[in-house]
Amino acid sequence: MKIFPSNTIKKLDAYTIEHEPIQSTQLMERAANALTEAITNRWDSETPVTVFAGPGNNGGDALAVARMMAEKGYKVEVFLFNTKGELSPDCQANKELVEMMDEITFHEVSTQFAPPTLTDEHLVIDGLFGSGLNKPLSGGFAAVVKYINSSPATVASIDIPSGLMGEENTFNVRANIIRADVTFSLQLPKLAFLFAENAEFIGEWELLDINLSQEGIEELDTNYEMLEVEDIRTIIKPRKRFSHKGNFGHALLIAGSRGMAGASILSARACLRSGVGLLTVHAPICNNSILQTAVPEAIVEQDASETCFAIPTDTDDYQAVGVGPGLGRNEETEAALLEQLNGCQTPLVVDADALNILANHRHALTNLPKGSILTPHPKELERLVGKCQDSYERLTKAIELARTAKVHIVLKGAYSAIITPTGKCFFNPTGNPGMATAGSGDVLTGIILALLAQGYTAEEAAKTGTFVHGLAGDFARKKLGTIGLTAGDIVNNLPMAWRLVSE
């Protein structure tokens, strides 16, 4: 599913109007029908409705919704803000229709605004401004937003909360943005929906299909996409009847230190649960017995050190190498890692402490083998690229790092972003808050490592591994709930996740 920047959404509307063909007012009517159905499915006709409409097409949508809800028996009051005496043509057309309806209490605000009483029983429909907004709200509109936000009413926003911009909100005025309980996004999500700091404005978001041109969606380019299960199914390679373990790669996992054997165990178990043919774990002597007991399917290669990764190992016989889970950051390990990376020609999955060590040796990032993948969480990324003010800046810097280092990056979070060296970003919809637990990232490393070892490209491995990781977490949540979920539960549910995406 593509995610278009705000300026491209207008082109998609225009494409639909031209090629269907359909009049713009008819397209607005189609959107209003979808919005009305979604709203009336959630709130019954006993709910008093107050509509706030702006002078543009978002306001036109809101007016059309007000008309359709009144026709269904809802008590509707409308405030149309026309402070400049200039409405968009489609907004003007819908204003004239609303004015003819005795069932609607209509106010056109040109100067003074007498705010209505809003109780906790009221539903506010926010149609002040849409995704085309390019500067913070101020003056009277900011005051209206603050009034709505201060009320106890439930708020439903059309397409995007008024005051929120579709992409970057780094310099926005947060007090002047509607705090919606529900946002009904038309056809496709907005990039801003995927950033943590915007959740308080967006609330729950629901996509409404308004039949914009599929041909137009396919033709228009964007660097942003939301992964879907069908995207993953097309990547999965079927296994032939006469396959053997040698057909599915030999992976090397360099992980663990004294007191951190668990990280290597979780990563190793996830790797083995993700189809790898053979797995060798390079670990300090103190973790040998633990690994042999906890993960009997893995080969253990002992480091010379009793307590940590201290001696680089030969990687020529492996198809992929994972490094970082539970590694530690002492001087011996730091020196060994830099030497290991310097001589490695095998694709790498770099995570956890390996990333933290690289943050002190950023020059080494540009020498990583072709096809390598970094899997940082936001703080680990910031150690590599510097402090970021918000998620948009963090994503922008991650894109630049992927380009300059020629690596793929999985920026972990609620909608993990898989970033290619060419700047394409794929957002992952699977996963849940229960996965915010120790070891979850180690599991992801193991999954991606297994895929790389099996011959999947870096992009395929990153996309598939992230999607399946979240899906396994969703299966675990269904069984166990959110609070009690552990990283081991994610591993245990990997077979179910693989079954769903491969059959």
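Predicted model: local features only at pLDDT ≥ 70, side-chain atom pairs only at ≥ 80, totals over all residues.
Residues are numbered from 1 along each chain as its sequence is written, and side-chain values use heavy atoms, leaving out hydrogens and water.

**Exercise 1.** At what angle do the axes of H2 and H3 cross, and which residues meet?

*Solution.* Start with the labels: helices (H or I, at least four residues) and strands (E, at least two) are DSSP runs, numbered from the N terminus. Next, the axes of H2 and H3 (residues 57-71) come within 8 Å and cross at roughly 55°. Axes here are lines fitted to C-alpha atoms, for helices over the stretch in contact, with angles from 0 to 180 degrees between N-to-C directions. The pair is therefore oblique, since under 35 degrees is roughly parallel, over 145 roughly antiparallel, 65 to 115 roughly perpendicular and the rest oblique. Now look for contacts (heavy atoms within 4.5 Å): among them, Met28, Leu35 and Ile39 of H2 take part, with Ala64, Val65 and Met68 among those of H3. Sorted by class, that contact has nine nonpolar, five polar and three charged residues. For the sorting, Ala, Val, Leu, Ile, Met, Phe, Trp, Tyr, Cys and Pro are nonpolar, Asp, Glu, Lys and Arg are charged, and the others, Gly among them, are polar.

**Exercise 2.** Find the strand order of the open sheet of seven strands, then its edges.

*Solution.* Two strands pair if DSSP finds at least two bridges between them. Walking across, you get E4-E3-E2-E5-E6-E7-E8, with parallel pairing. E4 (104-109) and E8 (204-208) are the edges: each has a single partner strand, so one side of each lacks a neighbour in the sheet. From one strand to the next, the twist averages 20°. Zoom in on E3 (residues 76-81), which is joined to E4 by six bridges; Phe81 has Val109 in E4 as its bridge partner. H2 (residues 24-42) packs on this sheet, touching E5, E6, E7 and E8, and its direction makes about 155° with that of E7.

**Exercise 3.** How do H13 and H14 pack, and is their crossing left-handed or right-handed?

*Solution.* First, H13 (residues 378-385) and H14 (residues 391-405) pack at an angle of about 60°, with axes 10 Å apart. They are therefore oblique to each other. Their crossing is left-handed. Pro378, Leu381, Glu382, Leu384 and Val385 of H13 meet Arg394, Lys397, Ala398 and Leu401 of H14. By class, that's six nonpolar, no polar and three charged.

Technical notes: Left-handed = near helix turned anticlockwise from the far one by under 90°.
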